[in-house]
Amino acid sequence: MSDFYKELTAQPQALKRLIEEYQKLDYAPIRKAAALITSQPTVIFSGMGTSYFAPMAIRDKLAPYTKMLSIEAGEFYEGSLEMVKPDDVVMLISQSGESVELVKIASALKGKATILCITNDTNSSLAKCSDVIMPLYCEKEKSITNKTYTNTLAILFLLAGFVTKQSLDEIVEEILQASCEMQSMLEHPDTARRFQEISKYFAPAQTIHFIGKGGASLVSSYQASLIFMEGAKCSSHGFSTGAFRHGPVEVCSSSHNAVIFAQDSIYYDKTTALAEKILANDSKVLMVTNGSYQNDYMQLVHIQCDNEVGFALVSAMVFELLLVYVAESRNLVAGDFAITTKISKID
């Protein structure tokens, strides 16, 4: 059993622990971060990879309350630090707290702007430069990002809830329900067979595109693309539905594979229509949905969560399990790094 598989199976408990630890604090760090965001004109989110994608899940939620910018940390440090004003709030996300770009940003802005951070190491270089620290409360990961990703999403959804004054009990319940659904998926006797079946359907899985529309679906498409490049050595890319229609749809063929994240939302019909167009042009399609969609000519995974929080969290379990079996079909072990390391020390 690989480190990645062991760690992804720990996600349900990691989410429960996150809630337990923040309940002990009455969510004070997240409350404080939300108050700072709503009291200032602009919040700038920054990270690399997973930590850059994750805030997309709450972008639409924050839009009525603050001006939200999202800048990849490498680009932020190299060319955009001058844009930061003293009354801006800068949210930096790094599970290790030692990613070189994030540490440089935090060091440069310390004392010049309000710095918030989400990290798994409260003694890290990033945490030491931050005004508010929101811990992930995860055991240290050895492999590709998994439980630090889902715990980051949970913190972001809680943060958005405080900003928008959504019921705390409601958000906590959605997170805990998602944790239970993830555990049920892991324990279901047909899960391994089902994901092996999908991996064979995609074989040789040289190219996979991940497509979504809206917060939870879009962040899933970007995160899935990243970890499939890391873990299955696929040529993969994440797209919004609109971006895929604007040109990339031309790649559709019998050698093309697409995973569509179709949350039951205002974008549902648009997303399922694109899935059908891709399928009609000979591509192989897997749809991950919490809607009632049925189609005998594509693969389907139905998620039993009727809210955006649950869809984002359980979708992660779906594409992580799929990665395990796609990597296996390509004679690889998901999570084994061949060229790089988990934490980049070079910018």
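Contact means heavy atoms within 4.5 Å of each other. Helices (H or I, at least four residues) and strands (E, at least two) are DSSP runs, numbered from the N terminus. The model is predicted: local features need pLDDT of at least 70, side-chain atom pairs count only at pLDDT 80 or more, and totals for chains, interfaces and linings use all residues. Residues are numbered from 1 along each chain as its sequence is written, and side-chain values use heavy atoms, with hydrogens and water left out.

**View 1. Helix H12 lies across strands S6, S7 and S8.** The helix covers residues 215–232, and the strands are S6 (207–212), S7 and S8 (257–262). H12 runs at about 170 degrees to S7. Axes are lines fitted to C-alpha atoms, for helices over the stretch in contact, and angles run from 0 to 180 degrees between N-to-C directions.

**View 2. Five strands form an open, parallel sheet.** The order is S7-S6-S8-S9-S10; two strands pair if DSSP finds at least two bridges between them. Strand S7 (235–240) and strand S10 (299–302) each have a single partner strand, so one side of each is left without a neighbour in the sheet. On average, neighbouring strands of this sheet are turned by 15 degrees against each other, direction ignored.

**View 3. Strands S9 and S10 run parallel.** Four bridges join S9 (residues 284–289) to S10. Thr 289 stands opposite His 302 in S10.

**View 4. Helix H9 is mostly covered.** The helix spans residues 147–164, and 26 Å separate its first C-alpha from its last. This is close to the 26 Å expected at 1.5 Å a residue, where the expected span is 1.5 Å times one less than the number of residues. Of its 18 residues, 17 are buried (under 20% relative accessible area; exposed is over 50% and partly exposed in between, with a 1.4 Å probe and protein chains only). Lys 165 follows H9 and has a positive phi, near 60 degrees.

**View 5. Leu 323 is a buried residue of helix H15.** Its relative accessible area is 0%, and H15 covers residues 308–329. Beyond its neighbours within four places in sequence, Leu 323 has contacts that include Phe 4, Ile 144, Ile 227 and Phe 228. Ala 334 is eleven residues from Leu 323 in sequence, with 6.7 Å between the C-alpha atoms.

**View 6. Cys 129 is in no disulfide.** The whole structure has zero disulfides (pairs of cysteine sulfur atoms within 2.5 Å). For Cys 129, the nearest cysteine sulfur is that of Cys 117, 9.3 Å away. Cys 129 is buried, at 13% relative accessibility.
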